Amino acid sequence: MPYLLMKYLHVLAAIVAFGANVTYGIWITRASHHPDVMPFTLQVIKLIDDRLANPAYGLLLVIGLLMVFTVHLPLTTFWLLAALVLYALVVLIGLMGYTPTLRRQIQILESEGFNSPGYQTLARRGTILGVVLAILVMAIVFLMVVKPSPWA
Ligand code: HEM
């Protein structure tokens with residue numbers, strides 16, 4: 001597959017993954033003014049996260065590595081290595097933090113309700129983890145586009 005076609009698919013995957021993620025906060029903020037729609041809202045966010053955003057993040061790694069090996073880019077290239085470290089952090093925080101928190105949020109909303117301390121604690125944790133993940137992904141995009149090379 002030509003390199004530029006891989007890069008096109010890579011950037012498309014980045015748009016889909018990060019584009020979906022940045023809408024979660026808007027949906028949750030709007031739904032918090034109408035708590036009766038929060039269960040539906042969180043379930044749809046979970047569906048988008050599991051079926052669209054996270055698979056797109058997986059594709060980013062696969063196509064990214066394909067590009068790296070196609071042009072024989074050393075993995076020690078600063079911008080790439082830094083991006084890979086941040087990517088590993090995004091995957092860890094996503095799988096160990098954000099995804100289980102969202103799952104638990106849906107369960108607690110059903111069993112204890114929107115105003116319960118248990119739900120409110122999880123909602124705050126989900127927001128903080130979401131912001132941290134967004135900052136990490138924006139840093140990866142910066143590295144990918146600007147390609148800083150402090151040790152070139
Ligand atoms: C959250 C994850 C990622 C995002 C959002 C992302 C985003 C991007 C973007 C926007 C570009 C285009 C940059 C440009 O045209 O100047 C790019 C290029 C690239 N990315 Fe990623 N990327 C991610 C993960 C990865 C990973 C994990 C790898 C490697 C394993 C990787 C390898 C590459 C390579 C080799 C290029 C092409 C550089 C070039 O030819 O200019 N990316 N990425």
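The structure is a predicted model, in which local features need pLDDT of at least 70 and side-chain atom pairs count only at pLDDT 80 or more, while totals for chains, interfaces and linings use all residues. Residues are numbered from 1 along each chain as its sequence is written, and side-chain values use heavy atoms, with hydrogens and water left out.

**The iron site**

The iron atom of the ligand has His10 (NE2) and Met144 (SD) as its protein donors, at 2.0 to 2.2 Å, where donors are N, O and S atoms within 2.8 Å of the metal (3.2 Å for Na, K and Ca). The site is octahedral, with angles of 82 to 179° among six donor atoms; this term requires opposite donors to be over 155 degrees apart and all other angles to lie between 65 and 115. Because His10 lies in helix α1 (residues 3–32) and Met144 in helix α4 (residues 117–146), the pair ties together parts that are 134 residues apart in sequence. Helices here are DSSP runs (H or I) of at least four residues.

**The shell around the ligand**

There are 21 residues around the ligand, each with a heavy atom within 4 Å of it. Helix α2 (38–70) is among the elements that supply at least two residues of this shell, and α2 gives the most, with seven residues. The table lists polar contacts, which are pairs of N or O atoms within 3.5 Å.

| Side chain | Ligand atom | Distance |
|---|---|---|
| Tyr3 | oxygen | 2.6 Å |
| Lys7 | oxygen | 3.0 Å |
| His10 | nitrogen | 2.8 Å |

Note on methods. Four donors count as tetrahedral if all angles lie between 85 and 135 degrees; four count as square planar and six as octahedral if opposite donors are over 155 degrees apart and all others between 65 and 115; anything else is irregular. A polar contact is a pair of N or O atoms within 3.5 Å; within protein, one must be able to donate a hydrogen and the other to accept it, and residues adjacent in sequence count only if both atoms are side-chain atoms.
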